[in-house]
Every structure is written in structure tokens, then in C-alpha cells.
Amino acid sequence: MSAIYGLYETPQGAQRAFDRLRAEGISTRGITIISSEPHEEWEFASEDRRTVMPWVAVAGAAIGLASAYLLTALTQQSWPINTGGMPIVTNWTNIIIMFELTMLGAVLATVFTLFVTAKLPAKLPKIYDPAVSDGKILVGVADPAGARLSDIERALNAGQPVAVHRMP
Amino acid sequence: MADRLSSDLLRPVFQTSRKYYALVVLLGGIVLCGLGAWGYQVYYGFGVTGYNWPVYWALHETNFVFWIGISHAGTLISAILRLVNATWRRPVTRCAEIITAFALMIGAMFPLIHLGRPWLAFFLIPYPSERGIWPNYRSPLVWDFFAINTYLLASLLFLALPMIPDFALIRDRATGWRKKVYGLLSLGWQGTPKQWHRLESAMHIMALAILPIAVSVHTIVSFDFSMAVVPMWHSTIFGPYFVAGAIFSGIAALIIVMALLRKAFHLEGYLQPLHFENLGKLLLLMSLLWGYFVFNERLTAWYGNSPHEMNVFWSTQTGAYSPLFWTMVLCNFVIPFPLLAIRRLRSVFTAVVASCCVVVGMWLERFLIIVPSLSRKSLPYAWGSYTPEWTEIVIMIASFASMALLYVLVSKVVPLISIWELKAGDQPRLGATASVHETEAAGELR
């Protein structure tokens, strides 16, 4: 795998390189951005913002609610216990169990969706540089077409990077 | 700036002093004493404790309610501050979330410690068994099981998810075995925009979900008491009263922990007087709310003038438990109020003094809810008294030591302040998605 990337001190530099790469005809999905903090207010970091996570959380909550109702009601019907003259299926008290498992379902579904959509756990990506942890922003292109390497490098240099690296 | 921030906050992870080991040994020794006392109690039975008819709930239950209350420091406060986007929250949230996780674990131990045969605790777990014993879903203790475990699991996830980027940061800086361990813990985190967005979305949804869970947990803990027809327990005010008390004691614990961390790890630049002042204001608000609830509870009981309730009422106002009651009022209201309300008196030191008073006061409040009501039940022939024995006291001290020990140990594993959140707080706020034209303006903002 070959790749070329630049490391930038500031989001402004990363944004400039990102814009120039797109001007060179590289699609947004073809540009790799890696940073040690979120930059959601910048255009280069604003792709892929549509997520089904809230809906999955609601579905998880519904599953939790249904499971809790079945757990409590079926248990109480299967092993009827008379407690102080209360009904066998005691919905008033079961609401507490249903509430807890509903919320648990929402939380677990959220975490599950995070792992699936953020592709975690994963191996380290094709392009990565530990300098990202020092606050640098990595902007790069994986598997660039050989003939365009110089164009890409020029685009990356437009953002005044700290360094531009080629892999391998 | 970012590099200095990382170096400062990662220093405790990479550097260990002799004082650290000495502290671990000291705290570990106290925890071992507590385990020994528990073993002694299990071996010889509850006769070695001060528990006696009619007071079968006392110090262990006090500690249970107290620690569950302390657990409200973290996740609840962190979730509220996250949802209202309070920017000053960034250095505070992880300290708070760690308190929640450990306080819940410690609190959840006390029902087990209270069991004569703790190895039968699994009876509470709902699964079909040949014994034909299923949990009775009408029992508040089973509600506790579900509520505490839901809160614990949700809090652990709420704490762990934002740690992933920080683990990645340590992975990139560490060498040897540490690099491998943090490589696993970081789950291959890269830091792509998509990952950041998903993480922030998940944290937002979880913050929304955790708020009602946190409120429900302490409400359900209050149901352990208010569902019983015991004088001064059977009250509709107990749910909100317990929740307010829990947040009150939780904020106090958070201020104390933050002050200790600030001193021990030289985090003065990150945990600033502003954070203590803001948390102090919250503490003041909760002190007023606590006073309001106590007044409501006491006035209603006094006005109702039910003989059963008045026996308990007077035992706390002028009787055997009155010194504890008035100390509680002093600690929860009389001392903290001026310290936190008068601007000139506000400082990190006074916030810590007020918080220490509140922690003591709230522990006394838990004790006063439980013991006087049980020792003055409806019929005078069922009256009794309670004096704790050394086993309970040692176990209680060990619970405080275990909180400190867990905190000290975790400081070696994770940065106690979320580095990426702090870095994100340093960014210029542009208000809308920035394009190339706005980058110049952003440069000026910086």
C-alpha cells in the first residue's frame, strides 16, 4: 500500500490542504483525515455526519422494554407469589424493572452502534502517524495514482504542513 | 500547547514516586483490615456486630445509601454539564465519572456485606433454577438490583468510551509492554472525523439516557425505606429527598477529590478556582434544596402529630439522637451556607471545608433516616437501641480507604482529566461549519 500525507499544526492548514486536494479532483472519501481531537466545526471534518445511532438507541430501548415486560409478567404467571394481596402480575411494581431495562437497552444499543459505525475495534489504519497524538492533524491520500503524486504533494504543501511523508 | 497539556496530564501515568507506593501500601493495608473484619463477621455471625432486635439495619445500610449517594457526583453531574454544553466541565467530568464507578462498586458491596451468607447473593439474579425460587419483582431489594446494576453498567460505559482516544494517545507515546496494553485498550482508535462524530453522538445519547437512570437509582434506594410502614419512612417525599441529598453529597465528594488531585498531581493549571467556584455554587443550591426537603419532611411529621412518628421525631430533635441531628444541620446548612454564599469568603479552601462538612452531614443524615426509625417502632415494647461494634466501624473505614485506593490505582492507568476534551475546548468556536474562506478568520481568533 502506498500513501502520501501531510501533518499540520492547525486546522486552518488542514482545511487548506483538504480544499486543494478536492480541487485536484480527489473525492472527499478518498482523503484521510486523522486528528487527536474533534474538529467538527471545520468542513474537512464534517463528512459522514448522518447516523442512525439515535434510532438504534430507540430500538434498543423498545427491545429492553419488551424483554422486561416478558421477564416480569411471565415469571409472575409461571411462579405466582401472593404478596400482600397484590395482583399476580403487578404492573405498578414491574414498571420499575421495565424502566431500568428500557434505559439499559438504549445504552447498550448506543454503544453497539458506536462500535459498528466507528469500526472499533480495528487495526491501525493504512495511514497513521504517532505525531497525531502530539496535536498534529494528518491529511493524506491512500493508494494515490502514481502519475498524480506530484499534484497531491503540491496540494498538501498548500496548507504549509510540518512535514509531508510518503509511504512506503 | 497541546503537547504541554498531554505531558502534564500523562505525567502521573508514566512517572511513579515512592510516596505513591507508600500510599498504596497504607490504603491497601486498611482495605485488608476491612476484609478481615468482614471475614470475622461472616465466620462468627452477626452477633459480633451491634445489630440487635429491633435495629437490624444500621451502619452497613447507612454506608450503602451514603455511597450510592456519592455515586451521583459523577455521571449525573457530568451528563448535565455535557448536555447544557458547559465548557468549564471539561477538566471536571472524568474525575466525577470515576467517583461514580467506584462509589457504586463500594456501595453495592454493602448489601452483600450485610448478608449473613453472602455466597447466596446470587439468589437475586433472575434465572430459572431447580429451586423454583425466582426473584419477587414486588420487592424493593430486587428493584435495587436492577437499578444499581443498570446504573453501574451505564456509568462504566459512560466513563470508558471517552477514555478510548486518551488510550490511543498513551499508545503512541508509550514503549514496551505499555504500548501493547494501550494498543489493546485503544481498540485501534485512529481519530478520523467519522469516529469523533460517532463518539460525540454516543456520549450525547448516553448523557440523555443516564440522567433518568441516575434519578431512578436513588429514588429506588429511597423505596427500600418508604415502601415499609415504619414511622418517618412511609413518605412520598423520600424519592426526591434522596435524589437531592445524593447530588448534594456527590458534589461535595467531587470537590474534595478535585482538591486532592490538584494538590497531589500539580494540576493547578487545569483544576482552577473557577471550577471550584462553579461547583461551590451548585453545592450551595443543593444545600438550600436539602434544607427545604428537611423542613418539609419534619413539618409534615410534626403537624400530623401521629404518636408513632412523634416518638421518632422527638428522639432526633431533643432525645438520644439529637446531637447527631443538630450536627447534621450544622454540617449541611449552617456552615456551608455562609462559606459558599458570601462572595468574599469563596475560595478553593472554603469550598473544600464546606464539602468536608457536607460529606459528614450527609453520612449522618443517612444514619438518622435508618436507625432512629427502627429503634422507635410503632409499639413501645419493640423499642431498642443501636451501638456500632468495631467490625462495622473497621468495614466503614475500609470502604473510604478502598475509594481512595481505587482512585490512586486508576491514576496510573488513565489520565484523570480527559485530554482530548480539554484540547477540543481550546479550539476557536466558529458557530458554523468552516470552509476555506473562514480559515483566515479562525487564525485571527486563535
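This report walks through the domains, the chain contacts, a sheet, the cores and some backbone details of a predicted model.

## Before you start

Residues are numbered from 1 along each chain as its sequence is written, while chains are lettered from A and ligands numbered from 1 in the order in which they are written. Because this is a predicted model, local features need pLDDT of at least 70 and side-chain atom pairs count only at pLDDT 80 or more, whereas totals for chains, interfaces and linings use all residues.

## Two domains in chain A

Let us begin with chain A. Its domain assignment gives domain 1, made of 3-49 + 121-167, and domain 2, covering 53-117; such bounds come from an automatic or database domain assignment. Taken over C-alpha atoms, the centres of domain 1 and domain 2 of chain A are 45 Å apart.

## Where chain A meets chain B

In this model, 60 residues of chain A are in contact with 53 residues of chain B. Two residues are in contact if their C-beta atoms, placed from the backbone, lie within 7 Å. On the chain A side, the elements that give two or more residues are α1 (11-23), β2 (31-34), α2 (53-78) and α3 (91-117). Helices (H or I, at least four residues) and strands (E, at least two) are DSSP runs, numbered from the N terminus.

The largest share of that side, 14 residues, comes from α3(A). By residue type, the side of chain A that touches chain B divides into 30 nonpolar, 18 polar and 12 charged. Here Ala, Val, Leu, Ile, Met, Phe, Trp, Tyr, Cys and Pro count as nonpolar, Asp, Glu, Lys and Arg as charged, and the others, Gly among them, as polar.

## The sheet of chain A

Four strands of chain A form an open sheet in the order β2-β3-β1-β4, with antiparallel pairing. Two strands pair if DSSP finds at least two bridges between them. At the edges stand β2 and β4 (163-167) of chain A, each with a single partner strand, so one side of each is left without a neighbour in the sheet. Neighbouring strands of this sheet are turned by 20° against each other on average, direction ignored. Axes are lines fitted to C-alpha atoms, for helices over the stretch in contact, and angles run from 0 to 180 degrees between N-to-C directions.

Strand β3 (residues 137-142) of chain A is joined to β2(A) by four bridges, and six bridges join β1(A) to β3(A). Some of the pairs can be named: A:I33 has A:V139 as its bridge partner in β3(A), A:I34 stands opposite A:L138, and A:Y5 stands opposite A:G140. Five of the six residues of β3(A) are buried, so this strand is largely enclosed by the rest of the structure. A residue is buried if 20 or more other C-beta atoms lie within 10 Å of its own, exposed if 12 or fewer, and partly exposed in between, with C-beta atoms placed from the backbone.

## Cores and a buried alanine

The largest nonpolar core has 144 residues, of which B:C95, B:I99, B:I251, B:L254 and B:I255 touch the most other members. A nonpolar core is a set of buried Ala, Val, Leu, Ile, Met, Phe, Trp, Tyr and Cys residues joined through C-beta atoms within 7 Å. Leaving aside neighbours within four places in sequence, B:I255 is in contact with B:F276, B:L279, B:L283, B:A351, B:V352 and B:S355. A second, separate core of 24 residues includes A:L7, A:A14, A:I33 and A:F44.

A:A14 is worth a visit. This residue is found in helix α1 of chain A and counts as buried, with 28 C-beta neighbours inside 10 Å. Beyond four places in sequence, its contacts include A:Y8, A:I33, A:F44 and A:V139. A:A14 and A:F44 are 30 residues apart along the chain, yet 7.6 Å separates their C-alpha atoms.

## Backbone details to look up

Two peptide bonds are cis: the one from A:L120 to A:P121, with omega near -5°, and the one from B:W53 to B:P54, with omega near 5°. A:P121 sits in the loop between α3 and β3 of chain A, and B:P54 lies in the loop between α2 (18-44) and α3 (59-70) of chain B.

Chain B also holds residues other than glycine with positive phi. For B:N85, phi is near 55°; this residue counts as exposed, with 8 C-beta neighbours inside 10 Å. For B:M232, phi is about 70°, and this residue counts as buried, with 25 C-beta neighbours inside 10 Å.
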